[in-house]
Amino acid sequence: GVYFSSITDKRYKKNLISVAFSTQLSEDTATENVIVPVLLTKCNSKLPTYKAFNNKMSRLYASGIGGTAGRQYDLQTISFGAYYLDDIYALSGEKMTGIMTDILIDCLTSPVTENGVFSEKFVELEKKTVIDNIETAINDKRSYAIERAMKTICKGEPASVCSYGTVEKAKLITSDSAYKAYRRMLETMPCEIICTGCSDFDGVAEKFAAAFEKIGRHDIENTTIALSPVKTQTEEVTERLTVNQSKLVLGFKSHSDDDAALVLLQKIFGGTTSSKLFRNVREKMSLCYYCSAARNDLKGIMLVNSGVENENIEKTKEAVIDQLHSSIRQLVGHGGHRRQLEPRLADGLNRIIERRRLIDAHLVHEALHFLQRAAARLLAARHEAVARQRQLELIAVPVCKCQTVKQVADRGTIARDAQ
């Protein structure tokens with residue numbers, strides 16, 4: 001249930017050690033899980049106060065340890081990370097990788113407790129922060145619109161559960177319930193440990209192995225990610241707020257398992273600055289301030305996200321659908337645009353390589369996707385191999401209403417059963 005990966009690149013001067021736990025998203029546990037990384041990353045039994053912990057980080061060349069909870073498809077991920085200067089740049093010869101690994105492990109396995117549970121003072125303090133974050137989430141209208149769209153598109157599925165929980169559930173959190181959520185994470189959730197930077201990370205895997213052995217992990221949760229079933233009718237939700245600019249999110253579903261063809265379709269449709277959504281809907285038609293498309297691949301969903309004036313909402317909807325059909329026709333019609341996309345695909349992967357946090361997010365995604373990690377040139381070859389027949393099979397399916405397959409994944413295997 002614990003997997004370790006590392007990437008060494010001497011171009012970096014700092015390192016990042018990430019630990020990501022995953023569990024099935026559930027309304028009953030989502031909010032409690034959100035408070036766990038907040039409680040674990042500000043102190044531990046060896047550095048029992050916020051002040052002592054921050055002073056330690058400052059003395060270690062402004063290193064940092066943080067944590068967050070978020071959504072990955074039908075899963076909730078609880079992630080922790082240690083970000084620090086590499087050993088060779090430490091002025092006094094400190095073994096930074098060993099020191100930061102030990103502190104991160106202490107945070108995960110030896111938190112501050114009182115009478116066998118979390119400190120009530122700490123829990124009440126951080127509970128207020130969680131509630132404030134939930135209540136202010138609506139202030140970021142763009143993210144809020146996407147959250148509401150996912151709740152509607154995936155109604156009845158784990159992916160519809162709000163990734164940051166609810167105020168009602170947050171108010172019910174106690175020292176005992178938060179500690180039980182923490183132990184559930186530590187003992188039963190699948191875990192990915194990913195190290196990126198210029199270090200060779202010698203000894204890191206062994207330290208984590210020894211720490212997890214002492215925990216006594218058991219009954220590791222079997223998490224699953226399923227394609228989102230297609231609805232028989234289009235559902236539209238409007239939420240009226242006092243804003244100058246409306247946020248429009250459109251969701252499309254596909255049952256195609258031809259991932260390479262769908263990647264190219266997304267790029268042509270709304271994935272780059274030369275895409276149809278950007279060049280036509282935004283630039284030529286001037287219908288919106290921004291407009292792009294992103295894939296939620298394991299759920300079989302593509303979201304179009306845009307900011308529009310109220311009077312342009314209906315026009316934008318029609319234009320987006322027209323451009324989707326135009327993108328499919330272009331993908332089937334000729335390969336010139338595909339060749340133009342190949343450098344962009346490679347550039348996107350290179351940007352991932354250049355940023356440690358993106359590498360970790362990419363690798364967690366790939367771990368959930370059960371795919372081998374591939375170099376940019378291999379992915380480019382894979383997309384070039386999208387044959388005309390595969391494109392024709394893609395266009396033969398109405399993109400808005402085409403999902404008839406359920407995907408149930410177990411690490412290393414994917415089973416599909418017709419609905």
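Biologist: Are Tyr179 and Tyr182 buried or exposed?

Modeller: The model is a predicted one. In it, both Tyr179 and Tyr182 are buried.

Biologist: How are the rings of Tyr179 and Tyr182 placed relative to each other?

Modeller: A pair of aromatic rings is described by two quantities, the distance of the centres and the angle of the planes. For Tyr179 and Tyr182 the centres are 5.4 Å apart and the planes stand at 55°, so the pair is tilted. The two residues are three apart in helix α7, which means a separation of about one helical turn.

Biologist: How many aromatic pairs does a search of the whole structure find?

Modeller: The search finds seven aromatic pairs. One of them joins Phe118 and Tyr179 in an edge-to-face arrangement, with 5.3 Å from centre to centre and 75° between the planes. Phe118 belongs to strand β6 (residues 117-118) and Tyr179 to helix α7 (residues 175-188), so this pair ties together parts that are 61 residues apart in sequence. Phe118 is buried, at a relative accessible area of 3%. Elsewhere, Phe21, Phe80, Phe208 and Phe212 form one aromatic cluster.

Biologist: Which residue lies over the face of Tyr290?

Modeller: That residue is Arg142, at 3.8 Å from the ring centre.

Biologist: Let us turn to charged pairs. How many salt bridges are there?

Modeller: The count comes to 18 salt bridges, with nitrogen and carboxyl oxygen required to lie within 4 Å. Asp9 and Arg11 form one, with an N to O distance of 2.8 Å. Asp9 is buried at 17% relative accessible area, whereas Arg11 is exposed at 54%.

Biologist: Which parts of the chain does the pair of Glu126 and Lys42 link?

Modeller: Their side chains meet in a salt bridge of 3.3 Å, N to O. The pair links distant parts of the chain, 84 residues apart: Glu126 is in helix α4 (residues 120-136), and Lys42 is in the loop between α1 (30-40) and α2 (50-59). Glu126 is buried, at 2%, while Lys42 is partly exposed, at 32%.

Biologist: What is the N to O distance between Lys46 and Asp106?

Modeller: That salt bridge has a distance of 3.5 Å. Lys46 lies in the loop between α1 and α2, and Asp106 in helix α3 (residues 96-109), so parts 60 residues apart in sequence are tied together. Lys46 is exposed, with 62% relative accessible area; Asp106, at 14%, is buried.

Biologist: Which residues are linked in a network of salt bridges?

Modeller: Asp74, Glu157 and Lys299 are linked in such a network.

Key
Residues numbered from 1 in each chain as written. Predicted model: local features only at pLDDT ≥ 70, side-chain atom pairs only at ≥ 80, totals over all residues. Heavy atoms only, no water. Buried < 20%, exposed > 50% of the residue type's maximum accessible area, 1.4 Å probe, protein only. Helix = DSSP H or I, 4+ residues; strand = E, 2+ residues; numbered from the N terminus. Phe/Tyr/Trp six-rings, centres within 6.5 Å; stacked < 30°, edge-to-face > 60°. Lys NZ or Arg CZ within 6 Å of the ring centre and 35° of its normal.
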